[in-house]
Amino acid sequence: MPATSTSLRHDDAPEMPAPKVREFAAHSIGGGLALLLALAGLAAGVALIVTGPTATATAAAVALVVLGVVVVGASALSMCGLNMIAPGEARVVQLFGRYRGTIRTDGLRWVNPLTTRAKISTRIRNHETAVLKVNDAYGNPIELAAVVVWKVEDTAQATFEVDDFREFVSTQTEAAVRHIAIEYPYDAHDEDGLSLRGNAEEITEKLALELRARVEAAGVHIVESRFTHLAYAPEIASAMLQRQQAGAVVAARRQIVDGAVGMVETALSRIAEEGLVELDDERKAAMVSNLMVVLCGDRAAQPVLNTGTLYQ
């Protein structure tokens, strides 16, 4: 489902520690200019190395060769700072263990070559849980699975706050699904109560809120979450199916009886208003009984020819 404000939290969601680091932009420059300068430096260094031995003075020749070697080494080192960043990717930059920012601008970028850069994807991803077997709020074993659409929103938190943010999302998703499953019944006995089957939208909203609270510390944003599988466990599926069928039959019978009572009331009122026949209490009871049998029966009524009267 669509994400809502991060200020919304599930009441029973765990309280995650506050993040110690947050993402900010790293200092970088366009890689094209840096590449040209590095290539020019390499060419100049090679030229110094080649022309150095031709100098008349030995000291000058040695100095030119050493300078050429230094220029070539510096140019080669500077080229190590080049990074090719594709759309939907970022680079987390560290210098001697300290976080120095994140590069999100795509294309060829250059940063301090002494830094280390970890590639991290900021694309939208899917995670689908396996079919989990848990007990619902009534203790009935059920099976359920969910799919979560997510993406990395804060690369610094995803890198430094958890060991592996992918595994973290997977584990926390399973934990949230299990917690939601044991908190609500599959089918509520009370008509006003929430159930996994009868209140899918409300339960999905609660799942999204709990997931957001669980993975917020890892810099992950939940885009959408949905249940993809929901059923009773095989060992009780047959019994629960019979219970559902019985409930459906009772509900249908209740509706039939309500309709039959209304039709009988209408029939008696019309007969009394139009004065078609005078009915005493016993004949009214007989008429109501016959009409209820005809209207509520699950088989076609068999007419009986009465050659006498009601009292004979």
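Is Y232 buried or exposed, and what is its relative accessible area? In this predicted model, Y232 has a relative accessible area of 9% and is buried, since buried refers to values under 20%.

Aromatic residues were examined next. A search of the whole structure finds four aromatic pairs, and one of them joins Y99 to F160 in an edge-to-face arrangement, with 5.5 Å from centre to centre and 65° between the planes. Because Y99 belongs to strand 4 (residues 98-103) and F160 to helix 3 (residues 155-160), this pair ties together parts that are 61 residues apart in sequence. Y99 counts as buried at 12% relative accessibility, whereas F160, at 33%, counts as partly exposed. The rings of Y186 and Y232 have centres 4.1 Å apart and planes at 40°, so this pair is tilted. Y186 is found in the loop between helix 4 (165-183) and helix 5 (200-215), while Y232 is in strand 10 (residues 220-232), so that parts 46 residues apart in sequence are tied together by the pair. Y186 counts as buried, at 8% relative accessibility.

Helix 1 was considered separately. Within helix 1, G31, A34, A38, G41 and G45 are buried, and, seen down the helix axis, the buried residues fall within an arc of 85°, so they line one face of the helix. These buried residues pack against strand 1 (29-30), helix 2 (58-79), strand 2 (82-85) and strand 5 (107-110), whereas L33, L36 and V50, on the other side of helix 1, are exposed.

How values were computed:
Residues are numbered from 1 along each chain as its sequence is written. This is a predicted model: local features need pLDDT of at least 70, side-chain atom pairs count only at pLDDT 80 or more; totals for chains, interfaces and linings use all residues. Side-chain values use heavy atoms; hydrogens and water are left out. Buried means under 20% relative accessible area, exposed over 50%, partly exposed in between (1.4 Å probe, protein chains only). Helices (H or I, at least four residues) and strands (E, at least two) are DSSP runs, numbered from the N terminus. The arc is that of the directions from the helix axis to the C-beta atoms. Contact means heavy atoms within 4.5 Å. Rings of Phe, Tyr and Trp (its six-membered ring) pair if their centres lie within 6.5 Å; planes under 30 degrees apart count as stacked, over 60 as edge-to-face and the rest as tilted.
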